[in-house]
Structures are given as structure tokens and as C-alpha cells.
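Subject: Two-chain model for your review

Dear colleague,

Please find below the structure that I am handing over to you. My notes on it come after the model.

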Amino acid sequence: MEIKDKIVIEIDFTTTPGARYRTDGDFSGEQFLEEILLPKFEKAVAGNYKLLIDLDKVWGYPSSFVSGSFGKLSLAKSSELVLKHIEFKSDDNPIRLEKVINEIKSPRKK
Amino acid sequence: MKRKSTKYRSKTYRAIRSKYQLKRHSKKWKERKANKKNQTHQETVAKQKQAKKPYTNHPAPNNFSFIKNTNEVLKYFIDAEKLFKKKHKLNLNIDDIDDLTPDAISLLVASINDRDFHHNSGYKGDAPKKPELKKIFRESGFYNFVKSKGFSRSGMGCLLHKEMHTKVMPILAKKAALLGIQHTFGNDKPYEPLYDILIECMSNTNNHASSKRNEKCNWWLYVYNDPHSNNTSYSFLDLGVGIFDSVIVQNYLKNIFKGTMFYRNINVVDDLISGIIKSSAEEDNEIRGKGIPQIVEYSKLPVFKNFLIITNDVKIDLKTSHREQLDHNFSGTLLYWEIQKV
């Protein structure tokens, strides 16, 4: 499947991701999901292409942010569909890839 | 819109005034006014009386370190609160202490900025006499948060922040992380575990510090760069109800222990740090509860020299998994850690 769109978190969202909900403060997972991730993901599914997400040059990915964005997307759309249409990139820190992909594969608490 | 005539307006005005004047001459009105005047007078007299009271000396333990000498320091603050409640004015005397750690500074500054602690009774205090401790104390930024005629300056390597809006503040987390990274690692590169921990601390306080749902609690962050080493310490503190008395944990315990009250907080530490404590009514319950396990996982990294949680009557050392039953209850939560170059 071809990559036709991308999200560079550092440019399109922030270098300092926050917590889970908008009510928690700035740059929450909920804000990222609703404003950027979900619209682009739905377009990718409708157009049958892949969305590339660049995770680099960011201060961190707190678990509440990852769970409130990627975890929630996975619960709503299924992990298979999410991983079919999203590809991740992180040259800075490969552990990030693992963290985000694990969250998508099993968003519920272990 | 049609304007009302002057005559009509003045008639209405007169009616309102007349009703008001009648009210002012009623017995109920006069009684209320007299009561209020009397109450204000009594408050003024009480304030004057309080102002004339001498300060009671309340010397701090010699080892003024909350992380090392937890029981004694906790007792010091509990006793102070009791005396404040009895309307004693206190000299919170740390003049002669022999040891002072950053966590104790954050506890002191948070306490004296909390009305539930000082009950508006009046307090004073001075910096420690020992020169090295005096320097730490003065440069901590402490004086920016108290009324002081003298010193008001933060040291170059310190950050003392009070968050009143109880929000997760990513920009502050970045600033705090950077301060430690520059001192410890000598560069400006993000260190993800440190940033993530700071965000999770803020988020947990937002969610776990209150005894009532949706009630928020202020938090304090103190970052201290040790000038004698490459280490940086972080003290993250709130004076809420403590994790074990928070609504989420209390609801969980009610379900688990169903009516029996024969449990101790120390026995449910494993449930807490593994993230299985959850409230059944919580939104997104099935995907929440990963913050504390993430902190616990990161705490094992060699970069983190110490990692402690003190809350209610339990002290947890996340590096060694050791738990200590405290003699007193700490109404609040302290997360303390240090980073070191490895």
C-alpha cells in the first residue's frame, strides 16, 4: 500500500505532548486524536492508502498521551485497521515505535 | 423599543425606594446589620489579639530531610499544623539544622502556602545558620513564595514552581527536564523518560490528589542542580489527600475489601504500582492506569539514582521495591528522584 500522506508530530502538532484529555492541559492525546490523527486516518482508509507518522524531534511520549490518542483510535477502529493504514517512523528512538505499536496492538491494560 | 415616560419611571423609582426604606426600618434588617457589625468588630479584635501574641518556637529536626528522616519531619509538620489550629503563632525554626534536602524545602514552601496548614495563625522563620545550607535555602526560590523583607532570588540551577491551575504543563515539563539534562549530561538533548515522568506526575496529581471527583489540587515542582556533583533532584509534591485516600483508590478498596476495614495501605502498594487500581465509574477505564506503571518502569533505569514515593502512611522506594510503614499520615504525595550521568 502506498504512502500518500504524513503527520510530522514536531511540525503538525507539538514538540511537547501532554497528557490524556483536553481538560488536563495543552497538547493532549485527545486533542491530537480529534484534530489531526482521526481526520487523516479516516481519509487514508477511504482512499485506501497509508499514512506515515514521524515521531521524531519530540521531548517524549507520555503513556497517557499515547493511550489517549493511538490507544483510543485502536479501540474505536481495531488494531488491524490502524496498523494497516498507519506506518511509523522514529530515527531518534526506536523504542518509541515499539511503545506506540504495542499500545495500538493492546490498548487495554494488561 | 418604546421608552417609558419620565413620570412612569419616577413613579416606579419612588416605589422601589419606598419599599427599600421600609425594609431598612424592619426589625430583621436592623438585627442583621447589628450582627454583621458585631461580627466584623469581633474579627478585628481577634486579629489584633492574634497579632500581639508571641511566636512559639517550633524547632525543626536536625536532619531536615523528608526523604531520609521521613517520620520526624512528618511529625514536625503535623505538630505545627495542630499548633496553628489552636491559633499559636509559630517560629518555624530551621536555624540549627545540620542537614537539608531539596524535598524538605518543597514541603516547607508548599505547607506555608496552604491555609489548611497555617490556618491564618501567623508564622515566621529564617534560613539555616550553616553557610552551605543557607545558600541552598536562599537560592531555592523559597523567598519568591513567602512574604519577606529580605531575600528574593533563585539560584541559577534551580526551578521552584507552584501550579495553581492544576493543569498538565508540557512547556514546564520541558523546561524542568532541560534544566536537569544540561546539568547532568551537559547537553540539550531530550531525555524521554524524564519528560514522560514529569507529565505523568502532573497528570496523576490532576486525577488522584482529591478526595472528591473533579476536585483539583495544586502541585509544586522543585528542580535542584547539585553544585557538588552532576546530579539533579526533582521533588514533585502536592498536599492533596494522598494517593491511598484519593477517590479512585478508595473506590477500588471498597470493592476489593467489601466492608472489611482490615487492610493497610502498605499491603496494596503492588496493586498501585502495577496500575490495577481503578475506579469502575471512570471514563476510559479499560485503557487508563498506565501512568504509574510507566513511572515504575522508568525508575529502574540506571540514570535514576533514587526514586521515592511518599504518600499517606507509606514510603515506597521504586529502585529497590522496599516499602516502609510510616508512623504518621502524610496528607499529600511526594515523588522524589535524582538523575545522574551513567
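This is a predicted model: local features need pLDDT of at least 70, side-chain atom pairs count only at pLDDT 80 or more; totals for chains, interfaces and linings use all residues.

Residues are numbered from 1 along each chain as its sequence is written, and chains are lettered from A and ligands numbered from 1 in the order in which they are written.

Between the chains, 23 residues of chain A are in contact with 24 residues of chain B (two residues are in contact if their C-beta atoms, placed from the backbone, lie within 7 Å). The side of chain A that touches chain B divides into 8 nonpolar, 9 polar and 6 charged residues, where Ala, Val, Leu, Ile, Met, Phe, Trp, Tyr, Cys and Pro count as nonpolar, Asp, Glu, Lys and Arg as charged, and the others, Gly among them, as polar.

Chain B is divided into domain 1 (52–145) and domain 2 (156–342), with bounds that come from an automatic or database domain assignment. Across the boundary, 22 residues of domain 1 of chain B are in contact with 19 residues of domain 2 of chain B. On the domain 1 side, α4(B) gives the most, with 8 residues, and that side as a whole divides into 11 nonpolar, 7 polar and 4 charged residues.

Chain B also has an open sheet of 3 strands in the order β1-β3-β5, with parallel pairing (helices, H or I of at least four residues, and strands, E of at least two, are DSSP runs numbered from the N terminus; two strands pair if DSSP finds at least two bridges between them). Because β1 (55–59) and β5 (123–124) of chain B each have a single partner strand, they stand at the edges, and one side of each is left without a neighbour in the sheet. Strand β3 (residues 89–93) of chain B pairs with β5(B) over 2 bridges, and B:Y123 in β5(B) is the bridge partner of B:L90.

In chain A, helix α3 (residues 63–77) packs against helix α5 (residues 94–105) at an angle of about 45°, with their axes 8 Å apart (axes are lines fitted to C-alpha atoms, for helices over the stretch in contact, and angles run from 0 to 180 degrees between N-to-C directions). The contact is made by A:V66, A:S67, A:F70, A:G71 and A:S74 of α3(A) together with A:K99, A:V100, A:E103 and A:I104 of α5(A), and these residues divide into 4 nonpolar, 3 polar and 2 charged.

Best regards
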